[in-house]
Amino acid sequence: MTIMDDFRSDTVTRPDAAMRAAMASAEVGDAVYEDCPTTRRLEAMAAERLGKEVGLFFPSGTQANLAGLMVHCARGDEYLVGHKAHTFLYEGGGAAVLGSIQPQPLPNEPDGTIALALIEGAIKPDDFHHARTRLLTLENTFSGLVLDPAYLAAATELAHRHGLSTHLDGARLMNASVATGCEADGIAQGFDTVSLCLSKGLGAPVGSVLAGSRDLIRTARRLRKMLGGGMRQTGILAAAGIHALEHNVGRLAEDHARAARLADVLAAFPELGSGSAQTNMVFMTPVATDVEAFRRFLADRGIAVGGRYGSLRWVTHLDVDDASVNRVRDACEEYFSGDAPH
């Protein structure tokens, strides 16, 4: 079975010819010795975009986030995190297993925020019976939703007022920036560290950047080595990241518009439930529909879609186009016409 239209994630994007050319011609050196000029250029570019002093290239967003948590927390400390956040649910428990950091999950509101009162109430007193609360981590975008800049300012101010550090999982921060019209450095302003993924909607094949103060990133560099992320001639990969930041940020608006159109197309089929798109994701919980049978039906027609526990997640990106959305519409019409096998 050949996948023609892959809506599983924006991580499935492949570098285009221009990005591949940039990678092929990249000037390289040994990044562990900090003498890879292309990697250093990417790190400086990302840090400037995010309003931070220094950036550090990582092979993955999971490793960048883990280093970000470990920069702020020692063994036996805890971090406050949403109960549906990526760092809590989908990063293998790395903070606990590798960082000996206790997560304190708090309920995410439907818009992805955590109620300020819950954050404040979860901060432990200085008592040896408790883990030491050291860090608040938030995520933007959160399941495709953009967190309100006013909320981010209030949450980070609250954290800092109580002596906590702040980390932003900004894997899709550029989607949030394009959707709101706010510059990335404005969104990241209240956070001590922020991670940015280059291999999702931005279209690079590999990599994330962790940005923060010079002292914090110096510690993160040591942690990256401990975590196995010290790579050598990374300029080839960094060149793809540079190309992504220079050419693929503004075009995220196309993904958002296409997701909105996809949501409209899917709304014509009430059996799929309903879902809207604020950025590049559409979530749906089908009713009276065998989700796995539906997914198999789509797969037979070259359409792949993600989802867990009876839900569907559609993600638009630079490798799907309007024709892809049309093929989804045609497949749904066929499936729900009553003629297709269920």
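**Cavities, pockets and a helix pair**

The residues lining the largest cavity fall into five nonpolar, four polar and one charged; here Ala, Val, Leu, Ile, Met, Phe, Trp, Tyr, Cys and Pro count as nonpolar, Asp, Glu, Lys and Arg as charged, and the others, Gly among them, as polar. The model is predicted, so to speak of local features requires pLDDT of at least 70 and side-chain atom pairs count only at pLDDT 80 or more, while totals for chains, interfaces and linings use all residues. Residues are numbered from 1 along each chain as its sequence is written, and side-chain values use heavy atoms, with hydrogens and water left out.

The largest cavity holds about 50 Å³ of space. On a 1 Å grid over the protein atoms alone, a cavity is a set of points where a 1.4 Å probe fits but cannot get out, whereas a pocket is an open set with protein on both sides within 12 Å along at least five of seven lines; lining residues have an atom within 4 Å of a point. Grid points are joined across faces, edges and corners, and a volume is the space filled by probe spheres set on the points. Among the residues around the largest cavity are Gly 82, Asn 108, Glu 139 and Phe 142. Strand β5 (residues 132-139) gives the most to this lining, with three residues; strands (E, at least two residues) and helices (H or I, at least four) are DSSP runs, numbered from the N terminus.

The second largest cavity has a volume of about 40 Å³. Its lining includes Arg 172, Cys 197 and Lys 200, and α8 (173-180) and β7 (193-197) each supply at least two of its residues. Six residues of this lining are nonpolar, two polar and two charged.

By class, the lining of the largest pocket has 14 nonpolar, 21 polar and ten charged residues.

The second largest pocket, with a volume of about 390 Å³, is lined by 17 residues, of which Glu 34, Glu 43, Val 54, Gly 55 and Arg 221 lie nearest its centre. Two or more residues come from each of α2, β2 (54-58) and α10 (214-226).
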